[in-house]
Every structure is written in C-alpha cells, then in structure tokens.
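We begin with one chain and then turn to its partner.

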Amino acid sequence: MADSCNGCEFRPELYYDREFQIWVRLEEGGIVSIGMTDISQTIAGKILHVRVRRPGNRRPAGKPVATIESGKWAGPVPNPFDCVIVDANPEVLDNPRLLNLAPYEAWIARVRPSQALEQALQGLVSGEAAYAGYCGRCRREDIHCERKPG
Amino acid sequence: MNKVWRITDTGLRPPAQNFALNRALLEARQAGEIPSTLRFLRFTPSALLGYHQSAEQELNLDYCAAHGIAIQRRITGGGAIYMDETQLGWELYLTKRDLGSADMTVIARRICEAAARGISALGVEARYRPRNDIEVGGRKISGTGGAFDGEALMYQGTLLVEFDVEKMLRILRIPAEKLSDKAIASARERVVNLKELLGRVPEAAEVRGHIMEAFAGEFGVEFFAGDLTPPELRRYEAALTEIDSPGWVDLVKKPVSDMPILEAAQKFAGGLLRAAVSFDVEAKRVKQVWFTGDIFVNPRRTVNDLESTLKDIALERLESAVREFFAARQVDMLSLTPRDFVTVVNLAIARADRLSAPQGQDTAA
C-alpha cells in the first residue's frame with residue numbers, strides 16, 4: 001500500500017520539488033517525467049485544461065513546463081531544472097481530469113534536463129526526507145486530499 | 001498594528017498592458033519584491049479570451065476587427081468577456097500566507113464575499129454566487145478569476161459600472177438568434193450595472209474606496225497608496241514583449257471545425273424547443289447550450305440557469321446534469337419535460353457525425 005498523509009498519497013520512488021507541487025520520475029535514456037502531486041491536484045480542484053509547451057522548447061528552471069486551469073484559476077506546473085520538452089502526455093491533454101483521478105500515473109510532460117541528470121536532481125528531495133516534507137506540508141496547511149470523479 | 005498593503009490605480013490601458021502588469025505584479029509578489037497589493041484598472045474596448053481559449057472558436061473576429069476591438073488573451077482562466085471604459089477592474093496580489101489557506105475554492109470565496117460587501121456599501125445588495133460571480137438580485141454585476149504562481153496569487157474581478165450588453169454579445173461567436181431583440185432583452189435581464197441600480201454613475205473614487213475598505217476589513221490590513229516600483233516596471237517591459245504580440249494571442253489556436261455550433265429543433269407536447277450547442281468534437285464535451293423556442297417555463301430564469309449548468313460538461317454527463325438540475329428546483333413548464341431538453345441537445349449533437357465528413361460545414365459559418 002502506498003504511504004499517505006491526511007489522505008494525500010505519497011510515492012516513495014519519486015523525486016519532488018521542495019514545495020511538493022510536482023513529482024519527477026526517472027525514465028530510460030536520461031529522460032524524466034513530470035506530474036502533479038496529490039497535494040497539488042487537491043488544491044487545484046477539478047482541472048479543466050492543460051497546456052504543455054511545445055516539444056523542443058527549452059525551459060529554464062522555474063519557468064512552467066505546462067499550465068493548468070481549474071474553475072477560473074490558472075497557473076503553472078513549475079519546472080524544477082533547466083530542460084528541453086520532449087513530449088506531452090496525449091491522454092492528459094485529452095482528459096485533464098486524469099490529473100485529479102490518478103495524479104501519479106498521469107504524467108504531464110517528459111523532459112530532458114540540460115545538465116547532467118545527477119545535477120538536475122540535486123535541487124529535488126526524495127526518500128524519507130521527501131516523505132517528512134510532504135507530510136509536513138499537509139499538516140501545516142491542513143490539506144486533506146480527495147480524488148473527486150466526474 | 002495592522003499589516004500594510006499597497007493600493008494602486010494604473011488607469012485606462014489597452015489589454016496587452018493590463019495583462020503584462022498582471023504577470024509583472026504576480027511575479028514580483030512571488031519574488032518578494034512588492035507588498036501585497038490592490039490594483040484598480042480599466043480597459044480600452046477589448047475582447048478578452050480565457051487563458052486556454054482559442055480566438056477563432058470563441059469570438060466574432062470580423063465584428064471585433066470592424067469595430068476596433070482589441071483581442072487579447074488573459075493570464076487567468078474562464079470564458080471570453082468584453083471590457084471597455086465603462087467597467088472597473090479590481091485585482092489583489094497576495095501570498096497564501098496572507099490568506100492562511102491553500103484551498104483555491106476557499107480563497108476565491110473569501111475574496112468574492114469581501115468584494116460583494118464593498119459593492120454593497122454603494123447601496124445595493126451584492127452577493128457572491130459560486131463559483132466566480134457576484135450578483136445583485138440574481139443578476140451578474142461582477143465576474144472574477146485568478147492565477148497563481150507558487151506561493152503568490154492574483155485574483156481579479158470586473159465591476160459593471162455601466163455596460164453595453166449587446167456589444168458583449170456581438171463580440172462572441174454565438175448563434176444568430178441570440179442576437180434577436182428578444183434574446184438581447186433576455187441577456188439584459190441576466191446582468192446589471194451600478195448605473196441602472198443607483199440611477200447615477202457613481203464617482204470612481206467612491207467605488208474604489210468602498211472596495212478598498214471591504215478588503216481592509218476582511219484581511220485586517222491598512223492600505224497605503226503607492227506607484228509601480230522599478231522591479232515591477234522591469235518585469236512589465238519583459239512581459240509586454242511577450243504578451244503584446246500575435247504569438248501570445250494565438251498561443252491556443254484551434255479551428256472552428258473542432259467546435260461547431262450545432263442546431264436542432266423538435267416539437268414536443270409542451271411546445272417547440274430549439275437548441276444550439278457549441279460542441280467540442282474531439283473531447284466530446286458540451287461547451288455551451290442555448291435554448292430557444294415556443295415554450296412556457298416558470299420561473300423564467302430557469303432556462304438561463306439550465307444553460308449555465310450545462311456549460312463545459314462531458315457529453316456523458318448531460319442527461320444526469322439535466323435530471324439533477326430539475327430535481328433541485330420547483331419549475332412549472334406545462335407538459336414540457338426535463339427529458340425534452342436532453343433529447344433536443346442530443347439531436348443537435350448527432351449532426352456532428354455528419355460534420356466530420358470532408359465537406360462538413362460549421363452551421364454557424
């Protein structure tokens with residue numbers, strides 16, 4: 001069973017930004033997938049639109065790899081390191097609600113870090129430190145996760 | 001002592017400048033370069049797309065071009081709107097720390113309820129209507145939306161001081177019958193402005209003052225008047241380069257054929273009912289429905305409310321949405337049934353299959 005805090009699912013095999021807005025998964029060939037955490041999808045609410053920057057675009061650290069819209073809130077899916085967009089998940093583009101329903105399966109973009117992978121991952125957290133930080137945010141901000149269908 | 005926030009008024013500007021300032025102030029707030037800020041603004045005549053909308057699908061581009069109406073993309077979500085000098089914009093730039101919550105729904109509610117109190121102080125009874133409107137007597141007087149960037153967020157609203165409903169309808173891509181005198185009169189019943197309610201156009205300073213006081217009370221802060229600072233102006237110049245360009249307006253560009261307006265009419269025991277449906281063929285989503293026809297429905301706003309309920313829903317949710325809508329209220333419509341509304345919408349959508357043929361034509365073209 002997956003770990004969780006306040007009902008927010010945590011995946012121990014992933015890397016996270018320090019605010020736990022996004023997760024990063026290592027794929028083959030030096031590529032990484034980026035997605036939204038359970039915390040982020042809960043805070044955002046029902047997601048209606050997703051837009052991913054075009055493949056080939058270089059994104060400096062901190063600039064969004066994608067933007068989402070829920071209700072009338074729009075905002076970035078931040079990008080933790082300098083990278084080039086390789087691909088967008090067509091299933092998520094077609095059905096943004098997947099981000100609410102299965103946040104850890106629904107990757108948003110695949111990117112290739114511009115620097116060495118170890119360097120790119122340096123700014124991220126993982127393992128027990130990530131779990132402690134993730135739970136800390138859930139408790140501090142009193143976030144309780146929900147997976148709302150429909 | 002109370003916290004101190006800044007209040008600023010950037011005056012009348014074209015939309016590209018206003019949205020570049022959105023971006024600049026949101027980034028500057030996120031970077032900790034500026035205090036939390038209440039900004040007032042106005043627009044030269046403009047048709048404003050939601051961040052993820054396509055101009056071709058949402059707007060009557062010919063009308064906008066012929067009438068000198070600028071087209072711009074907001075950084076916030078939601079639907080296309082018309083803005084001009086007769087409306088006042090208000091915006092808050094805050095951090096989640098200011099609000100003590102990360103929940104976007106809670107944040108929107110708190111800001112909108114405070115804004116409604118400010119509008120009410122002018123002598124009207126304004127209320128927040130979830131998700132994003134403020135209304136007076138069931139008629140919309142303010143629409144709102146937000147954008148976030150890390151810990152910082154911007155929430156913005158419009159306030160109809162005076163308003164030309166017909167112009168708003170004409171800039172939009174909607175079925176022709178929605179521009180009939182009767183349809184325009186019906187649209188007028190759904191929105192209201194301060195001039196109509198008060199019998200006068202209130203002084204801008206009076207409106208701004210009440211809204212400022214309402215936010216000061218809600219958040220326990222004092223406001224000081226301040227101009228834009230050099231870091232904001234630097235960020236503004238960079239943002240304007242990106243936003244004041246065709247590339248930004250066309251950031252999302254989808255052909256009209258992906259979202260046709262499909263029409264159908266059917267005679268039921270309760271009368272003739274027509275539906276025009278703006279339909280996202282790819283995603284199989286109903287973007288918007290307009291009902292007209294020779295029917296009796298009481299209360300009269302029921303049809304408008306149903307149209308609002310059916311905005312942007314998956315086709316598979318259509319039937320249950322209509323059923324739940326009518327289950328939740330008392331409506332007198334003689335022998336017309338909820339099922340009839342579903343039937344006529346489905347009839348319209350059935351035309352999409354024919355449209356997907358190579359010679360398919362958008363019925364609205």
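In chain A, 64% of the contacts with a separation of 6 or more are between residues 24 or more positions apart. Two residues are in contact if their C-beta atoms, placed from the backbone, lie within 7 Å. This is a predicted model: local features need pLDDT of at least 70, side-chain atom pairs count only at pLDDT 80 or more, and totals for chains, interfaces and linings use all residues. Residues are numbered from 1 along each chain as its sequence is written, while chains are lettered from A and ligands numbered from 1 in the order in which they are written.

Chain A holds five helices and 12 strands. These are DSSP runs, numbered from the N terminus: helices are H or I with at least four residues, strands are E with at least two. The C-alpha trace of chain A spans about 35 × 35 × 25 Å along its principal axes. Of its 150 residues, 47% are buried, that is, with 20 or more other C-beta atoms within 10 Å of their own, C-beta atoms being placed from the backbone.

Now the partner. The contact takes 20 residues from chain A and 23 residues from chain B. On the side of chain A that touches chain B, α1 (38-44), β6 (47-52), β8 (66-70) and β9 (73-77) of chain A each supply at least two residues. β9(A) gives the most, with four residues.

β9(A) also runs parallel to strand β9 (residues 139-149) of chain B, and two bridges join them. Strands pair if DSSP finds at least two bridges between them. A:Ala74 stands opposite B:Ala147 in β9(B).

Key. Buried ≥ 20, exposed ≤ 12 C-beta atoms within 10 Å, placed from the backbone.
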